[in-house]
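Hi,

Here is the structure I promised to pass on to you. Have a look at it first, and my notes on what turned up follow below.

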Amino acid sequence: DGGITQSPKYLFRKEGQNVTLSCEQNLNHDAMYWYRQDPGQGLRLIYYSQIVNDFQKGDIAEGYSVSREKKESFPLTVTSAQKNPTAFYLCASTTLTGPGDYGYTFGSGTSVTVV
Amino acid sequence: AQSVAQPEDQVNVAEGNPLTVKCTYSVSGNPYLFWYVQYPNRGLQFLLKYITGDNLVKGSYGFEAEFNKSQTSFHLKKPSALVSDSALYFCAVRALNSGNTPLVFGKGTRLSVIA
């Protein structure tokens with residue numbers, strides 16, 4: 001079945017540590033997105049990529065980094081510069097070409113907690 | 001700039017009663033509009049979309065939404081609520097001719113259906 005896989009489901013980060021969240025899709029989608037979800041704040045865009053080897057900052061990119069070396073993969077690194085990383089992180093993807101509504105398909109999320 | 005407002009953080013409704021979850025939007029030009037649902041510790045699932053055509057859109061699980069251009073609204077409705085409808089609901093928008101800019105999401109409305 002086609003879809004988006006996020007791993008791990010839960011991640012515990014120590015102070016000063018960089019951690020990487022995985023996002024893989026087999027939908028042949030062009031664009032991929034990372035959102036951060038905090039209670040009462042909805043979804044806030046961190047980074048997005050519409051083509052391999054290119055990505056753009058979203059509204060809250062500080063303290064995060066991404067790469068897009070393959071169409072299928074868009075990992076997110078939460079760096080030590082992110083002072084408040086505890087949140088639920090969602091990856092999404094969509095097609096950008098041909099007929100369609102360009103709605104998103106979401107992964108099941110990764111919960112990051114600082115310990 | 002694109003924006004979405006979900007004016008209610010929480011909506012409570014008795015099982016069997018009709019439900020409405022409100023959404024208003026702001027875009028330049030015509031909108032793509034979406035509703036998604038999120039169950040605890042899961043990603044967002046697509047419910048329905050408005051692209052063009054009939055203002056009343058029918059989606060999954062008996063939900064529907066009415067596009068009202070003059071009021072810039074896209075309220076989610078269901079004639080008879082179920083306890084299993086209890087979840088977090090997100091409205092999202094992007095402009096039809098915005099050059100593939102990312103979807104903008106509202107802050108979410110928590111629906112609680114009481115037996």
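Let me start with Glu66(B), which is partly exposed, with a relative accessible area of 39%. Please keep in mind that this is a predicted model. Glu66(B) forms a salt bridge with Lys77(B), and their closest N and O atoms are 3.9 Å apart. Glu66(B) belongs to strand E8 (residues 64–68) of chain B and Lys77(B) to strand E9 of chain B, so the pair ties together parts that are eleven residues apart in sequence. Lys77(B) is partly exposed too, at 31% relative accessibility.

Another pair to look at is Asp85(B) and Lys78(B). Their side chains meet in a salt bridge, 2.8 Å from N to O, and both residues are buried. For Asp85(B), the relative accessibility is 4%. You will find Asp85(B) in the loop between strand E9 (73–78) and strand E10 (87–95) of chain B. Leaving out residues up to four places away in sequence, Asp85(B) touches Leu19(B), Phe63(B), Lys78(B), Ser80(B), Leu111(B) and Val113(B). The C-alpha atom of Asp85(B) is also 9.4 Å from that of Glu15(B), although 70 residues separate the two along the chain.

Glu64(B) and Lys58(B) form a salt bridge as well, with 2.9 Å from N to O. Here Glu64(B) counts as buried at 19% relative accessibility, because the cut-off for buried is under 20%, whereas Lys58(B) counts as exposed at 61%.

Over all chains, the structure holds six salt bridges. In chain A, salt bridges that share partners join Arg36(A), Asp38(A) and Arg44(A) into one network.

Best wishes

Technical notes: Residues are numbered from 1 along each chain as its sequence is written. Chains are lettered from A and ligands numbered from 1 in the order in which they are written. This is a predicted model: local features need pLDDT of at least 70, side-chain atom pairs count only at pLDDT 80 or more; totals for chains, interfaces and linings use all residues. Side-chain values use heavy atoms; hydrogens and water are left out. Helices (H or I, at least four residues) and strands (E, at least two) are DSSP runs, numbered from the N terminus. Buried means under 20% relative accessible area, exposed over 50%, partly exposed in between (1.4 Å probe, protein chains only). Contact means heavy atoms within 4.5 Å. A salt bridge is a side-chain nitrogen of Lys or Arg within 4 Å of a carboxyl oxygen of Asp or Glu.
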